[in-house]
Amino acid sequence: MRFRRYEYRWADGVQIKKPIEVSAPKYVDYLMDWIETQLDDESIFPQKLGVPFPQNFQEVVKTIFKRLFRVYAHIYHSHFQKIVTLKEEAHLNTCFKHFILFTWEFRLIDKAELAPLHELIESILLQY
């Protein structure tokens, strides 16, 4: 998945250890499968009361959000005009705004990772 000067390659660290170049749809497919695997893994997201979260829990969650941000970045850079044509930009902007405010509140994505949508994010954060 690539746009302007950013390129995102896929690696899950298990089946694909070395990052590979994939299309945006394939990246999203890999990502959703990977997130589902993380959420279903009780050693990461315990289901039983009293079972502690692992020490690397925050890093796993940060990776999930960082990769989800990449999907938003791709949508804005490659598909925004189509979304405007469909008159759905308000919905996308609202979802993204909630996503950014949540990640900002809990410091889930490093500022450098947000660079592809820096101006949009700044406009969102200036409102609060």
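# Close-up views

**View 1. K87 sits in the loop between α2 (57-85) and α3.** This is a predicted model, in which local features need pLDDT of at least 70 and side-chain atom pairs count only at pLDDT 80 or more, while totals for chains, interfaces and linings use all residues. Residues are numbered from 1 along each chain as its sequence is written, and side-chain values use heavy atoms, with hydrogens and water left out. Helices (DSSP runs of H or I, at least four residues) and strands (DSSP runs of E, at least two) are numbered from the N terminus. K87 is worth a look for its backbone: phi is near 60°, a positive value in a residue other than glycine. K87 is also exposed, with a relative accessible area of 71%. Here and below, buried means under 20% relative accessible area, exposed over 50% and partly exposed in between, with a 1.4 Å probe and protein chains only.

**View 2. R107 lies in the loop between α3 and α4.** Although R107 is not a glycine, its phi is positive, at about 50°. R107 is exposed, with a relative accessible area of 65%. Which residues does K62 touch, not counting residues up to four places away in sequence? K62 touches R107 and L108, where a contact means heavy atoms within 4.5 Å. K62 itself belongs to helix α2, and K62 is partly exposed, with a relative accessible area of 21%. Along the chain K62 and L108 are 46 residues apart, yet 4.9 Å separates their C-alpha atoms.

**View 3. Helices α3 (residues 89-105) and α4 (residues 118-126) pack at an angle of about 75°.** Their axes are 10 Å apart; axes are lines fitted to C-alpha atoms, for helices over the stretch in contact, and angles run from 0 to 180 degrees between N-to-C directions. The two helices are therefore roughly perpendicular to each other (angles under 35 degrees count as roughly parallel, over 145 as roughly antiparallel, 65 to 115 as roughly perpendicular and the rest as oblique). From α3, the contact draws on F96, K97, I100, L101 and W104; from α4, L120, I121, I124 and L125 take part. What kinds of residue make up this contact of α3 with α4? Eight are nonpolar, none is polar and one is charged (Ala, Val, Leu, Ile, Met, Phe, Trp, Tyr, Cys and Pro count as nonpolar, Asp, Glu, Lys and Arg as charged, and the others, Gly among them, as polar).

**View 4. L101 is a residue of helix α3.** L101 is partly exposed, with a relative accessible area of 25%.

**View 5. Ring pairs join nine named aromatic residues, F65, F69, Y72, Y76, F80, F96, F99, F102 and F106, into a cluster.** Rings of Phe, Tyr and Trp (its six-membered ring) pair if their centres lie within 6.5 Å; planes under 30 degrees apart count as stacked, over 60 as edge-to-face and the rest as tilted. The structure holds 14 aromatic pairs. One of them, between F102 and F106, is tilted, with 5.0 Å from centre to centre and 50° between the planes. F102 is partly exposed, at a relative accessible area of 41%, and F106 is partly exposed too, at 46%.

**View 6. Q38 is found in helix α1 (residues 24-40).** Is Q38 buried or exposed? Q38 is buried, with a relative accessible area of 12%. Leaving aside neighbours within four places in sequence, Q38 is in contact with I44, F45, V60 and I64.

**View 7. Seen whole, the protein chain has four helices and two strands.** Read from the N terminus on, its elements run β-β-α-α-α-α. The C-alpha atoms fill a box of roughly 45 × 35 × 25 Å, taken along the principal axes. Of the 128 residues, 34% are buried. The chain exposes about 8,800 Å², and carbon and sulfur atoms supply 54% of that area (Shrake-Rupley method with a 1.4 Å probe; for residues, only the protein chains shown count as cover). Among contacts between residues at least 6 apart in sequence, 53% join residues at least 24 apart.
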